[in-house]
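Student: Could you take me through one part of this structure slowly? I would like to look closely at the place where the ligand sits.

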Amino acid sequence: MSIAKLENIHKVYHIGKIDFPALRGISFSIEEGEFLSIAGPSGSGKTTILNLLGCLDKPSQGKIFLEEKDITALPTSKLADVRRKNIGFVFQTFNLIPVLTAMENVEFPLILEGQHDPKERRQVTEDILTEVGLKDFLHRRPNEMSGGQQQRVAVARALVKKPKLVLADEPTANLDSVTGEEILQLMLELNQKTSTTFVFSTHDKMVMDFARRIIRLRDGKIESDQKVNKK
Amino acid sequence: MKMLFKLAFRNVFRYRRRTIITFSAISYGLGLMAVGISLYNGVDTHAMDNIINSQTAHLKILAAGYFEKKDEVPLEFTIDEPQEIKSLLKNNRDIQGIESRVLFQASIISGMDELPCMGVAIEPEIDPLVFKIKDSIIDGRFLEPSESKIILGSGLARDLGLKVGDDCTLRIFFSIEDFIWNALDLEIAGIAKTENPMVNRGTVFIPLSLAQEALSLENSVTELAVRIEDRRRLLEVRESIEGRLASLSKDYEVVSFEEYASDFKELMRMRSRMQALIPLMMILIATLGIVNTMLMAVMERTREIGMLAAMGMRKMEVMLVFIFEGALIGIFGSFAACVIGGLGGWWLEAKGFSLAFLGEEIAEMVSFLPMEVYKGDLTAGTLIFTFILGTVISILASLYPAYKAVKLDPIQALRHVG
Ligand SMILES: Nc1ncnc2c1ncn2[C@@H]1O[C@H](COP(=O)(O)OP(=O)(O)O)[C@@H](O)[C@H]1O
Ligand SMILES: [Mg+2]
């Protein structure tokens, strides 16, 4: 089943009186369980696509479907509910709430979602943090952890509510290459284990290599869309 | 909800510098306000008490016509049978004391110096029931009936360089315009320093019989000063006195201290209008402090706000985090304000301060209030008011920054670098 579908999406940013077309007719569909990379140079429109998929923004033209449901016309407040339920985000930097511990950061989406049983919440949180290898860092604050560890917490937080779709915008851009690979490896493992759909953007060739499908962007258009077959 | 509160709570402690600035704005601003209110209340009640205790008593019985001309200290509106009135009111349980007095214009001459003053002829054995002159003798002793001695206000004595035991000349005016006067050479029995600087600066007390003789008044007096047991019953007592006096053939008027001191009342009213500005300014300072620091908080945490929004946090929830934050700082600050206000108010109430540190003469010039010592009056109400005000202000002042926070477009906020 298609998790998400973009249909002839155009996105125009208005900078003063100038209209800047960031996306110019993008169409593709994402199947459940995919591990998909949106690749392209800086300014090619990657973040814009992820924002649209993440219901943070609305297209200027075209339609967006999440699980075959048209979300294009939903009001902003409804979009917040869609995000809360269905989508996990991992950003490039400054992912975590600085005043909360790893545990509390991961627990946060569950609380927002309205899970009231604290015991159960803690259990789920602890499990997922253990899964991302941070069993011993549950009570650290973000500033007491390395960049890689912070990004692991972010991944755990994105996944904890078992979303339909995890969106990661250049999740490795602020990490050294070894740590970056570890994060990608982790995401891939979680993708396979939980069959959660991952979409991540990158301009890094090595990061792209983890993907099972790569959509290349250039100047707001899809340059290529290829499946990569591995073992 | 608990989560939002936890977030707010932690933020309060994380951004310490900002918290401290806001906290200080509230605690100092409102603390000083509380001290100011205490002082103001104190001045209000004590100044009135001082006037009552040294000048007006609670009620004055005057011959009809006197009150209108009271500023001229006339001698032609007299009460000719004070004893009759006294016995008429003898059975009134509300009355603590009634004293016959004569007020007259006078001056004191010592060597080459002469200073004008208010002459007050008193009944030394009754005066302590009505006024507090006797308690304020700082040197020498109080008057005895029908002796030929005087008591000088402390300021007057100082300005003339007179001490207890010195002789001086008291010039008693029948009429200032016509310059008709009588002079008496008298010894100073005591120096009075009341709580009321106006009295200390320009009053001389002499025994009633001496004044009546010097002014050829026979048994007449210019006023009967009445002190009552319970000030709250002022109106009733006044009415009952008026009722009693109606049976007499001559017309009298009964005047309360508030009417008698109406000039002072007016002064206080003007002052209170001016002083209302001070708390308002303090409130403004505290409000601006909070708005400013909370706006800084919103700017500083732009990305965090974007992230919270991306995670699907509702606008109301984001707002609440900031409002809680402001409210928390406000509550802490208000608490500290109450401590500052409480300590300051308590000190003012217990000790008070005098302007004497400016030097006695400057102090006399700048002090236009009938108070030697500025004493405060701290009430629980003041502290509760301060606390509630501080809390309400900080919540209100957080509204705008919180609104700013949710107005942020999450996409822009996330792109925000920093
Ligand atoms: N809010 C905006 N206002 C104006 N132009 C924008 C805005 N966001 C992005 N753009 C422009 O749109 C283009 C695509 O941006 P983006 O999606 O961020 O690309 P990428 O993530 O691939 O670097 C860029 O040229 C960028 O400058
Ligand atoms: Mg980008």
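Predicted model: local features only at pLDDT ≥ 70, side-chain atom pairs only at ≥ 80, totals over all residues.

Student: How do the residues of the shell around ligand 1 divide into nonpolar, polar and charged?

Tutor: The shell divides into seven polar, five nonpolar and two charged residues. In total, 14 residues surround ligand 1, and the closest are A:Gly43, A:Lys46, A:Thr47, A:Thr48 and B:Arg415. Look at the chain letters there: residues from chains A and B surround ligand 1, so the two chains share the site.

Now zoom in on some polar contacts. A polar side-chain atom of A:Lys46 lies 2.9 Å from an oxygen atom of ligand 1. The backbone takes part too: a polar backbone atom of A:Gly45 is 3.1 Å from an oxygen atom of the ligand, and for A:Ser44 a backbone N or O atom lies 3.2 Å from a ligand oxygen. Taken alone, ligand 1 exposes 550 Å², and the protein buries 78% of that.

Which elements build the shell? Those giving two or more residues are strand 1 (2–15), strand 2 (18–31) and helix 1 (46–53) of chain A, along with helix 15 (410–415) of chain B. Helix 1 of chain A gives the most, with three residues.

A:Ile49 and A:Leu53 are among the residues with the most contacts inside the largest nonpolar core, which has 75 residues. Helix 12 (residues 315–350) of chain B gives the most to this core, with ten residues. Leaving aside residues up to four places away in sequence, A:Ile49 touches A:Leu6, A:Leu23, A:Ile26, A:Phe28, A:Ile38 and A:Leu217. In soluble globular proteins, nonpolar side chains tend to be buried together.

Notes. Residues numbered from 1 in each chain as written. Chains lettered and ligands numbered in written order. Heavy atoms only, no water. Near = heavy atom within 4 Å. Polar contact = N/O pair within 3.5 Å; in protein donor to acceptor, adjacent residues only side chain to side chain. Areas by Shrake-Rupley, 256 points an atom, 1.4 Å probe, with all protein chains shown as cover. Helix = DSSP H or I, 4+ residues; strand = E, 2+ residues; numbered from the N terminus. Nonpolar A, V, L, I, M, F, W, Y, C, P; charged D, E, K, R; others polar. Core = buried A, V, L, I, M, F, W, Y, C linked by side-chain atoms within 4.5 Å. Buried < 20%, exposed > 50% of the residue type's maximum accessible area, 1.4 Å probe, protein only. Contact = heavy atoms within 4.5 Å.
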